[in-house]
Amino acid sequence: MAALTPISRKPLSLVLPTIAAAGAFLGLFVGTANGSGFLGVVIGAALIAFMGFVYIALLKNETLSKWISILGFATLGFVFAGVPGVVLGALSGWFYHWFTYWLYEGRYRAKLLPYLTSRQVLWFYSFRVICGAIFVFLITPILVVMPLSFNAENFFTFTPEMLRFDPAGYSLKHYVDFFTNSEWQRSFKNSLIIAPIATIISVSLGTLAAIGLSQSHVPGRRAIMAVMISPMIVPLIISATGMFFFYSDIGNWLEGTLGLPKNFVGYVKVILAHSVLGIPFVIITVTATLVGFDRSLTRAAANMGADPVTTFFKVQMPLILPGVISGALFAFITSFDEVVVVLFVGSAGQKTLPWQMFTGLREQISPTILAVATILVAISILLLTTVELLRRRSERMRGMSPS
Amino acid sequence: MKPTKLLIASSALALSAGAVAAADMTIVSWGGAYSKSQQNAYHAPYTAKTGVNIINDDSSNEAVAKLRAMNEAGNVTWDVVDVVAADAMRLCDEGLAMEIDPDTQLAPAPDGTSAADDFGDLLVSDCFIPQIVYSTTFGYRTDLVGDTPPDDVCDVFDLEAYPGKRALEKRPINNMEWALLCDGVAKEDVYDVLETPEGQDKALAKLDTIKDSVVWWSAGADTPQLLADGEVVMGSTYNGRLFSLIVEQKQPVAMLWDAQVFDLDGWIIPAGLSEERQKQALDYIYFATDTQRLADQAQYISYGPARASSAPLVGKHAELGIDMAPHMPTDPANATNTFLYNYEFWADYRDDIDAKFQAWLAK
């Protein structure tokens with residue numbers, strides 16, 4: 001976007017307090033890390049305000065002052081935190097310099113509509129800062145485990161070597177542990193058995209239920225719907241306790257009367273329990289897509305001689321597929337992440353990945369858990385990206401514009 | 001019908017993917033380095049000898065609750081369970097663990113001494129076969145305590161000489177005893193004092209003096225992590241965890257053995273197993289608690305074997321090759337001042353004192 005608005009220099013009375021506030025924000029962190037948050041705030045505010053004053057009123061050379069800021073802050077960073085401090089210092093030096101000139105030259109108005117009041121401009125940027133802060137809060141806990149999973153030590157600690165970017169502080173040993181440790185491998189395999197099968201069952205039953213419940217002639221469909229989605233509403237620990245006793249009886253019957261092997265019955269119990277948890281997600285997403293489904297299409301298909309099964313697979317299913325797929329994703333993730341129910345219903349032979357992570361976290365705080373978490377995050381991103389790409393592709397092929 | 005077909009197909013898939021040999025045993029233990037030592041000393045040789053496949057379940061923490069639920073549901077999936085002595089007593093009283101006769105169902109010592117004599121006083125319950133003696137004791141950061149490292153348990157309560165956070169377990173057991181010891185109560189009178197409400201208040205008042213500096217832990221792995229981070233100056237945990245932290249992970253931490261509290265850990269067999277599984281479990285117990293096996297476990301973790309006849313066989317660490325004896329809580333140099341955990345007292349008073357302690361914590 002080209003500059004819409006002519007920009008003009010702003011008075012120091014606006015620029016200095018604003019950058020001082022921003023400096024105080026940085027000073028709060030540095031000060032807290034070094035003992036006194038209050039002192040940090042005062043020094044940070046004073047330092048940045050002084051820097052801004054020198055640049056604007058005395059130096060008047062933007063490129064020169066930029067390099068002074070970057071090098072000066074990098075040196076300060078080195079004094080406080082060594083090598084990583086240099087990187088952070090250089091970045092903040094660049095940022096504060098840019099921020100100072102951005103305000104002073106009035107560049108912040110350049111891309112906004114000319115008739116906006118200062119209050120609207122303030123809100124425009126506050127809104128973006130708030131959005132950014134929310135994003136940071138959501139993503140930081142996930143990002144922070146990633147470097148820790150490359151720790152050379154057996155603790156959840158950023159060691160001094162890691163902070164100095166010393167290669168000796170990093171290692172892949174926790175990844176090696178995951179791929180060679182039989183307990184982790186067995187639980188990973190169990191998760192890969194249980195989650196897909198539970199997903200298939202949830203999707204089949206959930207889709208059928210959603211289609212049935214969307215017919216207006218089904219009696220008491222609201223009540224049925226409420227019962228079907230109750231596993232989502234009832235606290236998991238209560239469902240789990242109930243399932244434990246319910247499936248114990250079924251399991252005893254399967255083992256005792258039918259003589260099925262114990263381990264196999266264990267899988268059946270966990271898979272059925274996870275299917276029950278997944279069904280509500282499928283019902284809700286499929287019901288939502290069925291709202292936009294044109295019923296006259298099924299009547300047209302019937303009119304042309306298709307039986308209900310053909311109609312379902314050839315006409316209805318392709319149209320509600322996005323809902324089915326997102327329901328399937330939810331069902332899969334529910335089963336893949338689930339720890340409470342499997343702790344109750346499963347026995348050690350069905351130990352899943354979350355179960356292993358749960359006991360691992362409690363009994364031995366080992367960074368292998370972080371390595372697994374990193375791998376799972378990578379898998380989730382790949383999975384979601386693939387599904388999204390496939391969805392866009394199918395929409396393009398059907399001549400719709402991707403939304 | 002489609003769902004049924006799917007169910008059958010999926011079941012078959014699960015079977016083919018997860019099928020194991022008919023002879024399976026689920027052994028429940030604590031996880032971590034402890035389970036690893038059992039895997040090396042007991043499970044692996046037992047599997048080699050008999051072909052029985054052993055599945056580890058790290059659920060000892062909630063063993064009592066889970067065994068109750070399993071028993072109620074008539075679906076006991078565990079074959080052998082590793083629990084602390086106090087839990088074994090509760091399980092035995094509730095009829096959830098089977099009684100075992102040491103003379104006929106456990107191996108005698110190599111010199112012919114009966115198992116009952118070999119274990120001696122450590123057979124604290126009819127259902128319990130002791131395995132190890134462990135202690136709950138303190139570790140401290142050597143780089144954060146100045147020139148005079150702590151050598152007395154009361155240094156934990158001394159915020160002036162040793163400023164900084166301490167890690168204590170989030171339950172009254174051990175903490176109340178240490179508090180009274182450091183409040184001037186003689187060792188032999190501790191439980192008499194703790195019986196009275198005034199004595200309990202006295203212990204809590206002593207804990208109050210350091211409450212602001214305490215990080216409360218609930219899992220055995222917490223204190224090692226806190227010490228490794230330098231977040232606490234000293235903290236209590238099981239001695240084997242500290243051994244691993246100091247010797248295997250080479251952290252700047254040292255042991256404070258003073259007033260360590262001894263406790264026992266061992267096996268029980270759940271009541272209500274089928275005859276076949278019970279026979280299997282007893283066979284495993286007979287093998288895993290003989291003199292040599294108990295001594296073998298000490299190669300992997302610094303817990304003292306429960307049999308008198310195993311002690312002379314304790315050798316070197318399996319990987320590091322260092323002598324294990326000086327790291328045992330029972331070593332004479334470490335055991336100059338020890339404290340014996342009183343099972344009967346805590347069995348009687350645990351609920352009351354727990355409630356009082358939790359209320360105090362929340363204040």
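Into which domains is chain A divided? Hi everyone, let's start there: chain A splits into domain 1 (12–115) and domain 2 (181–366), with bounds from an automatic or database domain assignment. Between the C-alpha centres of these two domains of chain A there are 54 Å.

A word on the source. This is a predicted model, where local features need pLDDT of at least 70, side-chain atom pairs count only at pLDDT 80 or more, and totals for chains, interfaces and linings use all residues. Residues are numbered from 1 along each chain as its sequence is written, and chains are lettered from A in the order in which they are written.

On confidence, pLDDT (the predictor's confidence in each residue, from 0 to 100) has a mean of 87 in chain A, and 98% of its residues reach 70 or more.

Now the contact between the chains. Chain B brings 35 residues and chain A 29, where contact means C-beta atoms, placed from the backbone, within 7 Å. On the side of chain B that touches chain A, H1(B) supplies the largest share, 11 residues; helices here are DSSP runs (H or I, at least four residues), numbered from the N terminus. That side of chain B holds 16 nonpolar, 14 polar and 5 charged residues. Here Ala, Val, Leu, Ile, Met, Phe, Trp, Tyr, Cys and Pro count as nonpolar, Asp, Glu, Lys and Arg as charged, and the others, Gly among them, as polar.

Beyond its neighbours within four places in sequence, Val80(B) contacts residues including Met25(B), Trp267(B) and Tyr284(B). Thanks, everyone!

Terms used: Contact = placed C-beta atoms within 7 Å. Helix = DSSP H or I, 4+ residues; strand = E, 2+ residues; numbered from the N terminus.
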